[in-house]
Amino acid sequence: MTDPLTAPPVLRGNYAFFVDLDGTLADIMPHPDQVIIPGPIRMTLQQLSEQQEGALALISGRSMVELDALAAPYHFPLAGVHGAERRDIKGQTHIVRLPATLAEKILAWLNAGMAPLAGCEVENKGMAFALHYRQAPQHQKAVEQLAAQTVSHFEGLTLQPGKCVVEIKPTGINKGAAISAFMQEAPFLGRQPVFIGDDLTDEAGFDVVNLAGGVSVKVGPGETHAHFRLASVAHTHQWLLELAQQHALTDRRKGYESLGRRI
């Protein structure tokens, strides 16, 4: 779906929230280690989670360890590395792993291929690999060629382009599959899904949410399958704050109505 897309409404009801991190909850920085989620937004996510009985998960290309650190002190269900690792509401983890020998071979191949590309970096996620070229955009084509050669050389892998990064991951792993898995479990089961993301990696999530009759929200410019758009990370923050405030107001009204009936 292309523009014009409107901003999403302030939602009322029983929802399951799925939220991307980089470019959605936090501005993209020159290096991933520089990214933070502002404290008030972390608190707002916790409020939304409590209001929806825990049905809020972070869905990201980052590892679960990174997600927990960025969301601290709060502890949410997570899907890391685009769903290759997932933690449910009970704290149980579900992880797709590459055989150790295969992962070592892939890493050696990638390190050799990236060595001549100054400013580029290989990130080893264990079950996936990210080839970063944000610091050296002139090498984009070379990085993309290396990634394509890698999935051709090693079986069972697929490409996932992103913003100044190409990821190599096991086939069948994507954010849409992660959302689908969550939606089959409590407390997400039976709720209307909402997914907020900004990147090509989020389109599979938008597709799943749209098919389920949910609310898909693209952050920033670009063509998308999402049904709504927020202009920036700042606009995302404002919308999440409004959601939490609206739910809090609704809860208070219900409390007053219940008290009035008892009186």
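Good morning. The model is a predicted one, in which local features need pLDDT of at least 70 and side-chain atom pairs count only at pLDDT 80 or more, while totals for chains, interfaces and linings use all residues. Residues are numbered from 1 along each chain as its sequence is written, and side-chain values use heavy atoms, with hydrogens and water left out.

I begin with the aromatic rings. A pair of aromatic rings is described by the distance of the centres and the angle of the planes. Rings of Phe, Tyr and Trp (its six-membered ring) pair if their centres lie within 6.5 Å; planes under 30 degrees apart count as stacked, over 60 as edge-to-face and the rest as tilted. By this rule there are seven aromatic pairs. Why is the pair of Tyr-15 and Phe-17 called tilted? Their ring centres are 6.2 Å apart and their planes stand at 45 degrees, so the pair falls in that class. Phe-182 and Phe-188 also form a tilted pair, with 5.1 Å from centre to centre and 50 degrees between the planes.

Are Phe-182 and Phe-188 buried or exposed? Both are buried, where buried means under 20% relative accessible area, exposed over 50%, and partly exposed in between (1.4 Å probe, protein chains only). Together with Phe-18, these two residues form one aromatic cluster.

I turn now to the sheet. Helices (H or I, at least four residues) and strands (E, at least two) are DSSP runs, numbered from the N terminus. Two strands pair if DSSP finds at least two bridges between them. Four strands form an open, antiparallel sheet in the order β6-β7-β9-β8. Its edge strands, β6 (121-124) and β8 (157-162), each pair on one side only. β8 pairs with β9 (residues 165-170) in the antiparallel sense over six bridges, and Leu-157 stands opposite Pro-170 in β9.

Finally, the backbone. Which peptide bonds are cis? The bond from Ala-72 to Pro-73 is cis, with omega near 10 degrees, and Pro-73 lies in the loop between α2 (64-71) and β3 (78-80). The bond from Ala-186 to Pro-187 is cis as well, with omega near 0 degrees. Val-81 is not a glycine, yet it has a positive phi of about 50 degrees; at 0% relative accessibility, Val-81 counts as buried. Cys-164, in the loop between β8 and β9, has a positive phi of about 60 degrees although it is not a glycine. Cys-164 is partly exposed, at 24% relative accessible area. Thank you.
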